[in-house]
Amino acid sequence: MTAHPTITAILAVAGLLAVGLTLRLRLRLLRILYIPAAVVAGAIGLGVAQLGSRAIAPHAPAVDGMIAAVVREWGAWPATLIAVVFAGLLLERPQQGGVAGALRRGLRSGVLAWVIILGQLVIGLAVYLLAVRPGRPDVPATFAQLLEISWAGGHGSAAGMGTLYAQQGFAEGRDIAFFAATVGLIYGVLSGLFFVNLAIRHGWTASGSTAALPAETSTGLRATPTPIAFGTVRGEVMEPMALTLILLAAAVGVGFLLQYGFLTVAGVVLGPDVAASKTQPIDYAANVPLFLFTLLGGWVVRRGAEVMGIGHFIDAHSVQRFVGIAMEFLIVAGIGAMRIESISRFGWPLLLLMVLAAAWSAFCLLVLARLLLPKAYWFELGLLNYGFSTANTPQGMMLLRIVDPDLRTGAAADYAIAAPLSAPFIGGGVITFLVLPVMLQRVAGIWVALILVAAMAALLAIGARLGRGR
């Protein structure tokens, strides 16, 4: 009896995560580098799927066929899992107030975040125009967004952009984006630890000294067990986690309805042939990705619950658990389903992209952060921005805890205030998935680059002016 491919794929991811966790806990190198278990698991899956199958195929064709089926199944997951992840983003948190009062402090960090990401886009455009388009004119100009979506956006944005790349006929884009996100994650931790030690040696930190990270941060084990969710309904009525699952499913369902309504309206306005056209994907409504609608779906469910007076039934911690599970599976499946041949076709442009990205990130931390951020804790706040621009915000927080273990500098607060000024728009936001793809298709790359450089210059002027104020 042969197991269903989906069941086999789920069991394979679960097994790989178990192996990844074991290696993460036992291998000192992985602990030092703070590499997540999902990345370790995905790398092992990639090795088995892409390299091991070549050795297995001649001797055990049935096993090789099963591996191929699992990889195909994994390849179909990201589009669905990223829709679940985005559905939970606005479902888990109520509307925040009080941002306007602290806007000036957060604006300085927000300016740096925008400059970092616009610089990544300029680098991507330069590599595309000079190293990709001459030899591969079929590659869409959205190749220029690779750094933004993979380094600043992470694996989740890489999955979302992978859907868009597939619709543009650039199937290799998803593999390249996941590869770049993985490289950014590892590089961000390695280089971040180097810069932390450099800052301590030169007295750049606010305290001038440092405390080691708690042992549980490096080992990955909690010294004291901590609740990860809260029940908002009694167990005899309904399992609390089942309620959260229903709410998350409702957010995804509303997203589907919003997408259907959007496509229906587009069909009326544009005409059914134009709205559903796949010949020029970015131009037409059928290619607006589902996860943007599920993001709105999460907000609709949250807002609806608040209007009905039952918003307190939504437990943010429970939603985070489901979103976290989806992200774990997304990372393993995305990395495991990467095709080595897709990456090798862009070896030179990718190497150039990574080197320039590393240099730009270092420049932003060591030079621009010092110029734009509060003098008292420029390095701490710059380190948070460095973390999000090379790996992800949790890694930036991990680095911050080394130089600011009690979060006394105010860097974390400034970063949190600045997040609404950038996160909804760039690095995996609305501009990333809606505005930039259209601009890159309709406007010549050199003009887009000039527009971005002009925007960076304007932001730097604003940042300098804010820095001169009290």
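Let's call a residue buried when its relative accessible area is under 20%, exposed when it is over 50%, and partly exposed in between, using a 1.4 Å probe and protein chains only. On that basis, buried residues make up 48% of the 470 residues in the protein chain. What you have here is a predicted model, so local features need pLDDT of at least 70 and side-chain atom pairs count only at pLDDT 80 or more, while totals for chains, interfaces and linings use all residues. Numbering runs from 1 along each chain as its sequence is written, and side-chain values use heavy atoms, with hydrogens and water left out.

The fold is helical: the chain has 20 helices and zero strands. Take contact to mean heavy atoms within 4.5 Å. Among contacts with a separation of 6 or more, residues 24 or more positions apart account for 80%.

Now for the core. A nonpolar core is a set of buried Ala, Val, Leu, Ile, Met, Phe, Trp, Tyr and Cys residues joined through side-chain atoms within 4.5 Å. The largest one has 129 residues, and Trp74 and Phe143 have the most contacts inside it. Helix α5 (residues 103–132) gives the most to this core, with 14 residues. Leaving out residues up to four places away in sequence, Trp74 touches Ala9, Ala12, Val13, Leu16, Ala333, Gly336 and Ala337.

Beyond four places in sequence, Arg174 touches Gly75, Pro78, Gly162, Tyr165, Gly334, Ala337 and Met338. Arg174 counts as buried because its relative accessible area is 12%. Its side chain also makes a polar contact with the side chain of Asp175, at 3.3 Å. Such a contact is a pair of N or O atoms within 3.5 Å; within protein, one must be able to donate a hydrogen and the other to accept it, and residues adjacent in sequence count only if both atoms are side-chain atoms.

Helix α7 (residues 154–167) is mostly covered, with 11 of its 14 residues buried. After α7 comes Gly169, with a positive phi near 80°.

Next, the rings. Phe, Tyr and Trp rings (the six-membered one for Trp) pair if their centres lie within 6.5 Å; planes under 30 degrees apart count as stacked, over 60 as edge-to-face and the rest as tilted. The whole structure holds 16 aromatic pairs. Phe195 and Tyr386 form an edge-to-face one, 5.6 Å centre to centre with 85° between the planes. That pair links distant parts of the chain, with Phe195 in helix α8 and Tyr386 in helix α16 (residues 378–390), 191 residues apart. Phe195 is buried at 7% relative accessibility, and Tyr386 is buried at 1%. Elsewhere, ring pairs link Tyr128, Phe143, Tyr165, Phe170 and Phe346 into a cluster.

Finally, look at Gly445 in helix α20 (residues 445–468). Gly445 is buried, since its relative accessible area is 12%. Beyond its neighbours within four places in sequence, Gly445 is in contact with Leu125 and Leu129. Gly445 and Val122 are 323 residues apart in sequence, yet 9.7 Å apart in space, C-alpha to C-alpha.

Note on methods
Helices (H or I, at least four residues) and strands (E, at least two) are DSSP runs, numbered from the N terminus.
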